[in-house]
Amino acid sequence: MSADNPPPDSKLPAPRRRRGRLVILLLALAVCLPPGGVLMHRFVPPLTTVLMVQQSFKGHPQTYQWRSLDDISPRLVRAAIAAEDANFCRHHGFDFEAIRKALDANARGGRVRGGSTISQQTAKNLFLWPGRDWVRKGMEAGYTVLIETFWPKRRIMEVYLNIAEFAPGVYGAEAAAQHWFGKSADALTAREAARLAAVLPSPRRYNAAQPGPYVRRRAARIQAAAGAVRRDGLDSCVLGSG
């Protein structure tokens with residue numbers, strides 16, 4: 001190109017050219033980073049999460065111990081499915097029937113219910129910040145699609161059980177089993193697994209070792225439902241058909 005016909009962007013002031021390149025870079029990062037992070041954690045255990053970082057800045061003590069799903073009792077897998085997402089092995093990230101029921105219950109003015117699947121909770125817990133704003137919910141949906149695309153269900157469950165908070169500052173099934181019951185996660189009984197699943201919605205409020213009436217009732221329902229999960233093969237995408 002001759003000197004009489006310079007490239008179009010050379011006519012722009014230098015600061016505007018830099019801003020334009022920065023915008024392009026940020027857009028590229030926004031497109032590439034989520035898939036990159038999801039692909040990396042398909043194989044690599046997370047070092048931390050946004051929630052853990054936030055709590056550490058507040059000076060709260062934390063315990064986080066990663067364990068392979070092979071080292072976590074299948075009873076806890078079934079309890080989590082029973083408590084949080086009975087259709088985990090059947091949906092592709094979103095349980096629209098559960099969402100509809102939650103909306104109906106909330107519209108009737110009853111107790112507010114959520115319709116989030118284990119996949120959605122994993123996306124939120126690993127990549128995003130706590131909250132209910134629409135921006136975060138939109139990003140959660142995007143990450144959920146990516147997780148369901150690139151991870152098998154077994155990996156989703158493995159990450160979920162390893163980064164969920166089971167007590168104030170206690171993250172993951174191993175740390176929770178040690179904290180509440182003084183044993184490893186692979187030695188949990190059906191009752192203990194149900195109690196851990198029962199405190200998941202409010203781990204900073206409820207006690208799994210010495211539960212109050214609400215947690216005892218909820219844990220009993222979860223334990224019974226976990227038996228149905230096993231009987232009906234609702235855990236087959238995680239634990240196989242055996």
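**Core, disulfide and a buried arginine in a predicted model**

L196 touches L76, F166, A176, W180, F181, L188 and A208, when residues up to four places away in sequence are not counted.

Me: In this predicted model, which residues have the most contacts inside the largest nonpolar core?
Reply: Nonpolar side chains tend to be buried together in soluble globular proteins. Here the largest nonpolar core has 52 residues, and the elements that give two or more residues to this core include α3, α5 (118-127), α6 (134-150) and α7 (153-163).

Me: In what order do the elements of the protein run from the N terminus on?
Reply: The secondary structure comes to 11 helices and 3 strands. Taken from the N terminus on, these elements run α-α-β-α-α-α-α-α-β-β-α-α-α-α.

Me: How many residues apart are C89 and C237, and which parts of the chain does the pair link?
Reply: C89 and C237 form a disulfide, with their sulfur atoms 1.9 Å apart, and the count for the model comes to 1 disulfide. The pair links distant parts of the chain, since C89 lies in the loop between α3 (74-84) and α4 (96-107) whereas C237 lies in helix α11 (residues 236-239), a separation of 148 residues.

Me: Is the disulfide of C89 and C237 left-handed or right-handed?
Reply: Handedness follows from the torsion about the S-S bond, which for C89 and C237 is about -75°. With that torsion, the disulfide is left-handed.

Me: Does C89 count as buried, partly exposed or exposed?
Reply: Buried means under 20% relative accessible area and exposed means over 50%, with partly exposed in between. C237 has 26% relative accessibility and so counts as partly exposed. C89 has 21% relative accessibility, and therefore C89 also counts as partly exposed.

Me: With which side chain does the side chain of R136 make a polar contact?
Reply: R136 has its place in helix α6, and with a relative accessible area of 3% this residue is buried, because buried means under 20%. Leaving aside neighbours within four places in sequence, R136 is in contact with K124, L128, W129, P130 and G131. The polar contact of its side chain, at 2.4 Å, is with the side chain of E140.

Notes: Residues numbered from 1 in each chain as written. Predicted model: local features only at pLDDT ≥ 70, side-chain atom pairs only at ≥ 80, totals over all residues. Heavy atoms only, no water. Disulfide = S-S within 2.5 Å. Helix = DSSP H or I, 4+ residues; strand = E, 2+ residues; numbered from the N terminus. Buried < 20%, exposed > 50% of the residue type's maximum accessible area, 1.4 Å probe, protein only. Core = buried A, V, L, I, M, F, W, Y, C linked by side-chain atoms within 4.5 Å. Contact = heavy atoms within 4.5 Å. Polar contact = N/O pair within 3.5 Å; in protein donor to acceptor, adjacent residues only side chain to side chain.
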